[in-house]
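Please keep the sequence and the model in view while reading.

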Amino acid sequence: MGRSKTTTENPGLISDFKEITKMRLALSVVFSSLAGYLLGVDTVDFKTLTLLAFGGYFMVGASNAFNQIIEKDLDVLMNRTKNRPIPAGRMSVNTAFVIATIFTILGLIILYTINKQTAMFGAISIFIYTCVYTPLKTKTPISVFVGAIPGAIPFMLGWVAATDHFGMEPGTLFALQFFWQFPHFWAIGWFLFEDYKRGGFFMLPTGKQDRGTAVQIIMYTIWTILISIIPVFGFTGRLHLSIVAAVIVFILGLGMLHYAIQLFKKMTEQSAKELMLSSVAYITLVQIVYVIDKFIS
């Protein structure tokens, strides 16, 4: 108990490892991949499931580590990032680069043992995130669009890992998570606007916390809801959704839309934070509903 203050001010190696790989974010990505796998598979192969989990974590961890290397000088300027391992001086750039490189190699090898397409999409994800999205963040709000591409791959990746096939089904999963990211990240960009501004990041579509941004958040939330219920109409091949499940997903979407409308009305950082939390709950619950519906319907 007496050392809690020291631990908070000077995190240990394990905490730094979690931070450099953004463990919580990486685990949420792995969750999406596993959900996609369960939707695509006929019989669950726990070996493949395990490989996907580890391979996915390594790829996301590598992307995050490369990101923090590139943005180390900007991270110092922002309250939310200044205590990360590199800007705080607890980890050298070389150490972070070694971690990122090893994670990339391990991730690609593991995903390749599942099938070539899974490894290919994993490689595309890390390339776009590191080499395109990260540099664009300080130049244009279009970076959110670019970043939504690797961010949408995990849900789809699970299906590809299960089937070794890319088609309408994984394309729908990709579209769902792609459009979801706009209200999610714009909400983050809204309540962290001043902090992002200090780092020179352009995250909001209009560049400001204004009605234009709020309207776009509502529009993309509606698109996300519509895409999430498309499988109920039978247009998405083997990806099905029962009427009951579609109603549940639609109601979950209305919950997220409620918070998007509240942001439009209140224009506050608190309402943006509530939207962000509701968006996380939405995508998690939708993926759970999809998987449960697949196995009980």
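What percentage of the 297 residues of the protein chain count as buried? The share is 49%, where buried means under 20% relative accessible area, exposed means over 50%, and partly exposed lies in between (1.4 Å probe, protein chains only). This is a predicted model, in which local features need pLDDT of at least 70 and side-chain atom pairs count only at pLDDT 80 or more, while totals for chains, interfaces and linings use all residues. Residues are numbered from 1 along each chain as its sequence is written, and side-chain values use heavy atoms, with hydrogens and water left out.

**Overall architecture**

- The protein chain contains 13 helices and zero strands; both are DSSP runs numbered from the N terminus (helices H or I, at least four residues; strands E, at least two).
- The radius of gyration of the protein chain is 19 Å, which agrees with the value near 19 Å for a compact globule of 297 residues. This radius is taken over C-alpha atoms, and the globule rule is 2.2 Å times the number of residues to the power 0.38.
- Along the principal axes, the C-alpha atoms of the protein chain fill a box of roughly 55 × 50 × 45 Å.
- Of the contacts in the protein chain with a separation of 6 or more, 73% join residues 24 or more positions apart; contact means heavy atoms within 4.5 Å.

**Surface and charge**

- The protein chain has an accessible surface of about 14000 Å², and 69% of this area belongs to carbon and sulfur atoms. Accessible areas come from the Shrake-Rupley method with a 1.4 Å probe, and for residues only the protein chains shown count as cover.
- The protein chain has 23 positive and 16 negative charges, whose mean positions are 4 Å apart. Lys and Arg count as positive and Asp and Glu as negative, whereas His and the chain ends are not counted; each charge is placed at NZ of Lys, CZ of Arg, CG of Asp or CD of Glu.

- The buried residues of α3 include Ala-26, Val-29, Val-30, Gly-36 and Leu-39.
- These buried residues of α3 pack against α4 (46-70), α8 (142-163), α9 (168-191) and α13 (269-296).
- Leu-173 has its place in helix α9 and counts as buried, at 0% relative accessibility.
- Although 137 residues separate Leu-173 from Gly-36 along the chain, their C-alpha atoms are 7.7 Å apart.
- Leaving out residues up to four places away in sequence, Leu-173 touches Gly-36, Leu-39, Phe-155, Met-156, Trp-159, Leu-239 and Tyr-290.

- Among the buried residues of α12 are Ala-245, Val-249, Gly-253, Met-256 and Leu-263.
- The buried residues of α12 pack against α9, α11 and α13.
- Ser-228 lies in helix α11 (residues 211-229) and is buried, with a relative accessible area of 0%.
- Beyond neighbours within four places in sequence, Ser-228 is in contact with Leu-176, Leu-241, Val-249, Tyr-282 and Tyr-290.

- Ser-63 is placed in helix α4 and counts as buried at 7% relative accessibility.
- Neighbours within four places aside, Ser-63 is in contact with Ile-126, Tyr-129 and Thr-130.
- Pro-135 belongs to helix α7 (residues 116-136) and counts as partly exposed at 32% relative accessibility.
- Pro-135 and Asn-67 are 68 residues apart in sequence, and their C-alpha atoms are 9.1 Å apart.
- Thr-101 lies in helix α6 (residues 93-114) and is partly exposed, with a relative accessible area of 27%.

**Backbone exceptions in loops**

- Most residues other than glycine have a negative phi.
- Lys-22 has a positive phi, near 50 degrees; this residue sits in the loop between α2 (13-20) and α3 and is buried, with a relative accessible area of 19%.
- Met-267 also has a positive phi, near 55 degrees; Met-267 is found in the loop between α12 and α13 and is partly exposed, with a relative accessible area of 24%.
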